[in-house]
Amino acid sequence: MILATAKVDDFDSFWSTFSTKGAEKRRQHGSKGAQVLRDPNDADRIWVVFDWDEEGWQSFLSDPEAAAIFQEAGMDGRPQAAEFIRRHDA
């Protein structure tokens, strides 16, 4: 799992690209799906939980076509992954 966040100019524009071109490109890098959430404290920030491994995520971010997809989606820069700190079984 990868938890990532980004600022978006307009959610509908973001979704139009995220759910089409973005989805195709993510699949090429091994993503198995995503859940998109809006930040309750910032209406312009989204959080995405990806069913993806770290290797695929890094491969996607380094893909030369990804920057244009982020821009078309109206994202402020590229998405940033939350840092995993540790796990607990409860």
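**A walk through the core and its cavity**

Let's start in the middle of this predicted model. The largest nonpolar core has 17 residues, and those touching the most other members are F14, F50, W52, W57, F60, F70 and M75. Two or more residues of this core come from each of β1 (2–7), α1 (11–28), β3 (45–50), α2 (54–62) and α3 (66–72). As a rule, nonpolar side chains in soluble globular proteins tend to be buried together.

Now pick out W57. Leaving aside residues up to four places away in sequence, W57 touches I2, A4, F50, W52, P79 and A81.

W57 sits in α2, where G56, F60 and L61 are buried along with it. Looking down the axis of α2, you'd find these buried residues within an arc of 135 degrees, so they line one face of the helix. An α-helix has 3.6 residues a turn, so residues three or four places apart point the same way. As for the buried residues of α2, their packing partners are β1, α1, β3, α3 and β4 (80–81).

Searching the whole structure turns up one cavity of 30 Å³ or more, and the volume of the largest cavity is about 160 Å³. It is lined by 18 residues, of which F18, F50, F70, M75 and P79 are the closest to its centre. The elements giving two or more residues to this lining are β1, α1, β3, α2 and α3, with α1 contributing the most, at five residues. By type, the lining of the largest cavity splits into 14 nonpolar residues, three polar and one charged.

Conventions
Residues numbered from 1 in each chain as written. Predicted model: local features only at pLDDT ≥ 70, side-chain atom pairs only at ≥ 80, totals over all residues. Heavy atoms only, no water. Core = buried A, V, L, I, M, F, W, Y, C linked by side-chain atoms within 4.5 Å. Buried < 20%, exposed > 50% of the residue type's maximum accessible area, 1.4 Å probe, protein only. Helix = DSSP H or I, 4+ residues; strand = E, 2+ residues; numbered from the N terminus. Contact = heavy atoms within 4.5 Å. 1 Å grid on protein atoms, 1.4 Å probe; cavity = no way out; pocket = protein on both sides within 12 Å on 5 of 7 lines; lining within 4 Å. Points joined across faces, edges and corners; volume = space filled by probe spheres on them. Nonpolar A, V, L, I, M, F, W, Y, C, P; charged D, E, K, R; others polar. Arc of directions from axis to C-beta.
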